[in-house]
Amino acid sequence: MFSKFTSILQHAVEALAPSLPLQEDFVYHWKAITHYYIETSDDKAPVTDTNIPSHLEQMLVILVQEENEREFGETGPCMEYLLHHKILETLYTLGKADCPPGMKQQVLVFYTKLLGKIRQPLLPHINVHRPVQVKLIRLCGEVLATPTENEEIQFLCIVCAKLKQDPYLVNFFLENKFKSLASQGGPNAISEDVLKGQDSLSTDTGQSCQPEEPSGASGTEHTDLEDEPSRQMGDLSASLENLSVTELPEASVVRPNQDYNLVNSLLNLTRSPDGRIAVKACEGLMLLVSLPEPAAAKCLTQSTCLCELLTDRLASLYKALPQSVDPLDIETVEAINWGLDSYSHKEDASAFPGKRALISFLSWFDYCDQLIKEAQKTAAVALAKAVHERFFIGVMEPQLMQTSEMGILTSTALLHRIVRQVTSDILLQEMVFFILGEQREPETLAEISRHPLRHRLIEHCDHISDEISIMTLRMFEHLLQKPNEHILYNLVLRNLEERNYTEYKPVCPEDKDVVENGLIAGAVDLEEDPLFTDISPDNTLSNQEWLSSSPPATPDHPKTDGKTEVHKIVNSFLCLVPDEAKSSYHVEGTGYDTYLRDAHRQFRDYCAICLRWEWPGSPKALERCNLEAAFFEGHFLKVLFDRMGRILDQPYDVNLQVTSVLSRLSLFPHPHIHEYLLDPYVNLASGCRSLFSVIVRVVGDLMVRIQRIQDFTPKLLLVRKRLLGLEPEGPVIDHITLLEGVIVLEEFCKELAAIAFVKYHAASTP
């Protein structure tokens with residue numbers, strides 16, 4: 001009570017007293033703080049019961065006022081006094097000992113406000129850098145859940161912000177390991193450190209410590225300012241030695257070295273039980289990894305625990321997930337942004353078991369992704385490789401390779417989710433290498449299991465469990481949409497490079513007329529194929545209909561070249577399904593033209609992704625291809641073609657997913673993919689199959705099976721209307737799997753026709 005009364009009285013006196021020059025006022029407040037340690041006999045009273053906080057606040061006000069009154073970059077006498085008399089060193093020592101109780105908090109606030117409010121760069125000064133980097137930063141995060149955690153993180157974040165403003169300053173924070181270790185002493189008495197700091201008050205300025213004879217009033221004031229610290233030093237040190245100072249115990253923190261104390265302290269605070277503190281620490285790390293200094297990036301990844309923190313927490317959060325989670329829950333859980341994963345089970349109407357753990361995992365993965373995305377390139381590569389080795393391979397791969405169907409389904413759903421979520425190109429690259437391997441040479445049937453995880457995942461596309469097949473196919477579908485060239489090359493393109501799926505026939509003179517009409521020499525006209533002899537003219541699009549279905553021509557780019565060829569290709573796909581197996585023309589709004597708009601948009605998006613990959617505009621000349629090499633479409637296309645061949649006998653959902661992946665592949669603007677998947681007239685080599693030839697065989701099987709089903713067309717139409725929701729569910733229809741397969745087949749052929757047309761239109765438009 002008495003101390004509070006004293007504080008009020010002092011403020012009143014200060015308000016009534018005439019204003020002093022800034023330096024005198026500054027020194028007065030600093031002397032008032034030092035007087036406390038000389039005069040006090042109660043070291044247990046909290047600092048809030050003393051005048052220390054108000055004196056520190058006034059010192060800051062004076063420093064800011066002084067800077068505002070001077071030109072930018074000019075150091076005033078108050079700031080010089082602070083620097084040359086090593087006031088920050090002394091404050092650090094008092095804060096470390098937390099004497100009086102709460103002093104550490106006050107010191108952290110003073111440092112934070114000083115760095116935040118003073119515009120001129122302070123960190124390069126040795127008497128600022130040394131107490132900030134070598135000393136005070138180490139105090140932060142040593143003990144978790146302390147009352148000063150909030151002040152600690154605020155202080156660290158302001159240092160990070162200053163480094164972001166002037167990245168070169170980070171070099172002041174990269175200590176030599178051996179010098180650092182040599183400079184660290186044991187926990188010394190507070191009086192020793194303070195004495196060193198106070199000793200410098202009278203010696204570092206180069207001014208005499210001996211009292212001078214006053215020559216007048218002003219001379220007396222000047223002498224008092226300079227000599228007071230010297231006269232008080234003996235009393236101050238003696239008083240401090242008598243105080244029973246106890247230092248905070250250091251936490252058992254694993255510090256491999258002291259090269260980057262700022263990072264180490266932030267890493268410790270990311271483990272804080274207070275979520276707000278942990279998020280702030282993560283923000284600080286985000287700022288530090290983005291600094292462009294190569295030395296800092298190297299030190300960050302090689303001399304701190306950052307890589308271990310990211311990967312170990314990913315692993316622990318992944319392992320905390322339930323053994324089985326509904327894949328639909330994993331897919332539909334709301335978008336996760338790191339730091340915003342606050343979740344209340346009671347307030348969530350769509351809660352499910354394990355949702356809290358799932359959100360925590362996805363939130364931390366998002367943080368890792370964003371950290372790597374923002375990081376300096378050297379640091380980003382090192383961090384991504386650590387995630388690859390310590391999390392993808394060490395934790396996820398065993399789960400994906402297991403034999404339990406429930407475990408496979410859950411782990412594949414989680415892989416699918418993070419494939420969708422990843423945005424960092426460097427982390428995506430490591431994820432792609434994890435899933436597919438780094439191989440780029442053509443596949444052979446004997447070596448398809450060379451990368452075990454890739455082989456297992458592709459096999460899962462044709463798993464006995466339809467749920468596993470669908471989930472794995474969806475994962476590959478989203479993988480194909482990622483902006484990474486290696487994905488498509490590894491899965492498909494490396495096997496099409498030599499075009500050895502074609503049989504080369506040199507153009508003979510008698511073939512010239514055929515070529516001029518837009519057909520490849522030796523190709524079979526589908527209208528003459530016995531399989532299509534019952535096709536009526538109504539099933540095809542006339543030239544006029546074909547043109548009206550397409551985007552309008554412009555005067556600058558008339559569509560005259562290649563009409564015959566693309567017209568035949570489009571009609572080839574549209575005519576594949578026989579008349580009696582079609583049902584879309586009975587339902588309004590299900591024509592071929594409905595696919596054109598989607599195909600145009602999707603193809604434009606794929607072109608934007610593939611633009612930087614510098615793909616050729618035309619196929620590799622056959623004369624330069626190794627056509628003698630045995631052709632293997634690759635494990636991925638083999639499984640997709642096998643699945644496509646069984647479209648009449650597979651569940652509807654499986655068929656939708658298989659055709660969706662194949663249509664995604666067809667959209668890629670690579671000439672070999674277009675030729676192999678979308679050209680019905682390609683002259684296939686013996687024993688080779690293409691997407692078109694697979695569909696032809698399916699249609700041949702369908703035409704035989706149709707004859708065995710009574711009322712096939714009415715049943716087919718009823719199934720279509722039920723799928724569209726135009727008819728209520730009723731009695732089970734015979735051959736429902738076959739009927740649904742026919743509907744998917746018809747729609748898939750229309751989609752391929754639309755893609756072929758859109759790609760032609762894009763290629764013919766300059």
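**Reading a helical model**

Mentor: Of the 766 residues in the protein, 51% are buried (under 20% relative accessible area; exposed is over 50%, partly exposed in between; 1.4 Å probe, protein chains only). This is a predicted model: local features need pLDDT of at least 70, side-chain atom pairs count only at pLDDT 80 or more, and totals for chains, interfaces and linings use all residues. Residues are numbered from 1 along each chain as its sequence is written, and side-chain values use heavy atoms, without hydrogens and water.

Trainee: How many helices and strands are there in the protein?

Mentor: Helices (H or I, at least four residues) and strands (E, at least two) are DSSP runs, numbered from the N terminus. The protein has 33 helices and zero strands.

Trainee: Which residues have the most contacts inside the largest nonpolar core?

Mentor: In soluble globular proteins, nonpolar side chains tend to be buried together. A nonpolar core is a set of buried Ala, Val, Leu, Ile, Met, Phe, Trp, Tyr and Cys residues joined through side-chain atoms within 4.5 Å. Here the largest has 213 residues, and Phe155 and Tyr260 have the most contacts inside it. Helix α33 (residues 736–764) gives the most to this core: 16 residues.

Trainee: Which residues is Phe155 in contact with, leaving aside neighbours within four places in sequence?

Mentor: Contact means heavy atoms within 4.5 Å. The partners of Phe155 include Leu108, Tyr111, Val132 and Cys140.

Trainee: What pLDDT does the protein average?

Mentor: pLDDT is the predictor's confidence in each residue, from 0 to 100. The protein averages 81, and 77% of the residues score at least 70. Over residues 177–234 the pLDDT is below 50. Residues 236–258 stay under 50 too. Where pLDDT is low, the predicted coordinates should not be read in detail.
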